[in-house]
Structures are given as structure tokens and as C-alpha cells.
Amino acid sequence: MTLQLKKWIDKISNQESLISNLPDYYQYGKLVRATGIIMEVTGLQLPIGSTCIIEKYVEKSVIQVECEVVGFKEKNLFVIPLENVDGIFPGAKVYSPELINGKISTRLLPLGTELLGRVLNSSGQFLDRMPVPKVLRKESLYTNPINPLLRDPITKILDVGVRAINGLITVGRGQRMGLFAGSGVGKSMLLGMMARYTEADIIVVALIGERGREVKDFIENILQKDGISRSVVIAAPADIAPMLRIQGAVYATRIAEDFRDQGKHVLLIMDSLTRYAMAQREIGLAIGEPPTTKGYPPSVFSKLSELVEKTGNGTQNHGSITAFYTVLIEGDDQQDPIADAARAILDGHIILSRQLSESGHYPSIEIETSISRAMPNLVKKSHFFHIQQIKQWISSYQKNKDLLSVGAYASGNDPILDEAIKNYPKLMQYLKQNIEDKCSYEESYQQLKKLFS
């Protein structure tokens, strides 16, 4: 047998195997309406959350546009496209790759250790131009919630490498924390420090709705080589469809859940929770939900709780997910509806101050308004007592700052303020930290005790 003949036989065999794997038939529907980001399809019966494909023609070739089912009315489906819809026309063919031979199959996305050191998009496709792993385990995007009575309690301190957090806002393994800040006050830099210095087996980073430029910058300048080697990065920038931004947050959480179930201690960093809520708002309003506070429909707040509750400790000491979510505060308004809802469902919050940031104080953490709800059960009584004293000093100093600046305060009138004035310079020095410096929990505590010696 000649070599050329053998090549032809192999090629025919490959084509036969592809043909044998094709379904017997696809069920088609058609597009009947397109308004904004919502498209209406008739002729298909699919559950909410499933995928369908709209065929469009570009230069005599058929291109498939992936969509997701978000609602229905009588026998018509409401779908949202995940890609550009230019070229789609009325009556276009619609089918579902999940509806094969009349049966619904589940959409699967890659999981596992093969994702470490890689950058993926919301659909599980690799963006880093490195070879795709030959073997990829794929599972469903959605999991059942954990019974709250079976979850392990938060009992172990998590060292994040940042002195102000370790010493004064101590975080426990399996805790969910929010970083509340306006734009440009250094939240991404603080997240980068925690990503590099936190004692975690795996790091999952979800960049949701941020500028595309920031994805590469976060990986190269903030995570760096030592951080990316044990990390999985999910990138869902602002220029993609709102459904993909939502899916990016859910997919990142699913990856973290998978590693937790393997007994790993995972650090999940999501930047930002607000962009996730905004994407959910776009979809909710498009399908006709009534707007409530600041235009956010009710589904936004239920989806926030659903996403956050998937993180935390597992069962029977199997693993944990410690999650840090950034929450953008529009105009530095602490009563923003998303910020208010996030404070209620998270286990603590770290407030970043624009005033401190503009004065060159980094990290710009506002200690007196930040809190870790798990901290009283994690630290020693003496440590907690020191934290309360420091908060009293800072609060007293800030309240009387105008009197001090004009020299109107006479020493001896207020013992707490006298202590605050005496220790304020040392305290501000304690709260500052360069991005290149790591400070362990033990070092943070020992330096905190020196303030009282």
C-alpha cells in the first residue's frame, strides 16, 4: 500500500467517524422579533438557561451566533445573543445544540488543574494562545447549594500579607469580604497584593466588566509570575454581552467550587460585583422586569445572594473558598443600592478612602468604618481589645481634626483624644505598606502590640 493511499484511507476514516457522531436530526425554530438585546424565537421548546444558535449569512457563508434562553411567553422564547448580531434577518433559522434527537443535553465547561496558569473567557475558551490541554474534564456550570448546617465554621485565620488587614480587620479562612471603593483609589493594587501574598493553594481571579486593557495589566504587573502559576483568570471585559459577563462570574465561582471539593483552600477575587449586578440589570430590564431602586429590578438582588452563597467553607473540613469582591461606590455614596445589598450578604467590608488615597496613604483603608464579622471569634481577647482602642483613637482624632489644626484644643480635656494625638503618627505609619512588602499575620500582631508598649 502506497503512502498516498494510506493517507486517503485515514482521511476517509476520520470523516466517517465525524459523520457517525452527528445527531439524527436537529429541531429548528425561527426568529420572529428583535428588540434591543432581546430576540424572540418561535418553534422551539427549551428551558431557561439553555443555549440556542441563530444562523446568519455573511458573504455567502453561514455563521452561528450563540444565544441563551432568558424567558418565554406562551410558546415563544426570549433569547439574548452572546455575540455580534449584525447580518441577522427576520425568519432566521434557530436551533439548539443541546436539543439533540429531541432530548435536552447539559452545557459543559472545562474544570480541573489543567486550568492553572491559564486565562480563559466566560465560555471556557483559552485566551493566552498557549496549547489547549489534550485532556479537559468538563462539567455543568451549575451546582446544588450546600446545606448551611453542614458547612464548616470559620475558625482559622487567613494571612493575606497586608498589615492593616491582618492586624485590624482579621479575615478567616472561608470568609466573604467586600472591598468598597470609588474609582481610582487603589482597589486593584490591594487585590494584587492579596493575590500574591495570601496563604492559599489556588487563586481564581474573575475580571468582570472591567476595561480590556486591565486584564493584561493585572496578570503581568499585579499577579506576576509567582501569582499566575497557581491561578486561574477568567476575563469578561466590558465590551462583551451582558450575559457573558454574568456567565464569567458564575464560571469563576464554579471553578473555585471544584477546587474546594478537592480539599483545596481557594482565594476567589472578583472585580467587580457591581459590574455583575449591572449586567443582570440590563437583562432584567430588557425582558420587562419592573425597575426598583435606581433602576435595579428585583432579580438583581436575588442573583447577588445566589452567587455569593456558593462560596465559603465546604463540609467535613474538605476545603474552603475565601472570597474578596470589589464593590464600586458611585460618587463615593455608601448608600448605593448594590453596596447596601452587598454589605448585608457579605461577612465583612473593607472601605477604601479617597481622601487617604489622595494624600498618598497606601493602602487607603478606612479603619474606623471597616469590619470583619468573623474577627471576634478568630483573635485573642487582648488583640481584639487593642483593635477597639485603635478605632477609638482614630475616630476621636478625626472628629476633632479641625480643632487640632487651629490649635483650639487644650491637652488634658479628653484622655482618649490625648492618647490619639500621642499615637497617631505611629499608627499612620503602621497602616502604610508598600506594594512590594509582605507582612505576615504574626508580624502584624507583634507590630500592633508595640504601639501599646
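**View 1. His349 and the backbone of Thr369.** A polar atom in the side chain of His349 lies 3.3 Å from the backbone oxygen of Thr369. As in every view here, you are looking at a predicted model. His349 belongs to strand S19, which covers residues 348–351. Is His349 buried or exposed? With a relative accessibility of 10%, His349 counts as buried. Which residues does His349 touch, leaving aside those up to four places away in sequence? They are Met177, Gly178, Phe180, Arg343, Thr369, Ser370 and Ile371.

**View 2. The buried face of helix H7.** Helix H7 runs over residues 298–308, and its buried residues are Ser299, Val300, Leu304, Leu307 and Val308.

**View 3. A tilted pair of tyrosines, Tyr28 and Tyr95.** A search of the whole structure turns up 4 aromatic pairs. In one of them, the ring centres of Tyr28 and Tyr95 are 5.3 Å apart and the ring planes meet at 55 degrees, so this pair is tilted. Tyr28 sits in strand S1 (residues 26–35) and Tyr95 in strand S6 (residues 93–100), so the pair ties together parts that are 67 residues apart in sequence. Tyr28 is partly exposed, at 38% relative accessible area, whereas Tyr95 is buried, at 7%. Look also for Lys93: its charged end sits over the ring of Tyr28, 5.4 Å from the ring centre.

**View 4. A stacked pair of tyrosines, Tyr397 and Tyr424.** Here the aromatic pair formed by Tyr397 and Tyr424 is stacked, with 3.7 Å from centre to centre and 10 degrees between the planes. Which helices hold the two residues? Tyr397 is in helix H10 (residues 381–399) and Tyr424 in helix H12 (residues 415–431), so the pair ties together parts that are 27 residues apart in sequence. Tyr397 counts as buried at 17% relative accessibility, and Tyr424 is buried with a relative accessible area of 14%.

**View 5. Arg163 over the ring of Tyr430.** To finish, find the ring of Tyr430 and the arginine that lies over its face, Arg163. How far is Arg163 from the ring centre? The distance is 5.7 Å.

Note on methods: Residues are numbered from 1 along each chain as its sequence is written. This is a predicted model: local features need pLDDT of at least 70, side-chain atom pairs count only at pLDDT 80 or more; totals for chains, interfaces and linings use all residues. Side-chain values use heavy atoms; hydrogens and water are left out. Rings of Phe, Tyr and Trp (its six-membered ring) pair if their centres lie within 6.5 Å; planes under 30 degrees apart count as stacked, over 60 as edge-to-face and the rest as tilted. Helices (H or I, at least four residues) and strands (E, at least two) are DSSP runs, numbered from the N terminus. Buried means under 20% relative accessible area, exposed over 50%, partly exposed in between (1.4 Å probe, protein chains only). A charge sits over a ring if NZ of Lys or CZ of Arg is within 6 Å of the ring centre and within 35 degrees of the ring normal. A polar contact is a pair of N or O atoms within 3.5 Å; within protein, one must be able to donate a hydrogen and the other to accept it, and residues adjacent in sequence count only if both atoms are side-chain atoms. Contact means heavy atoms within 4.5 Å.
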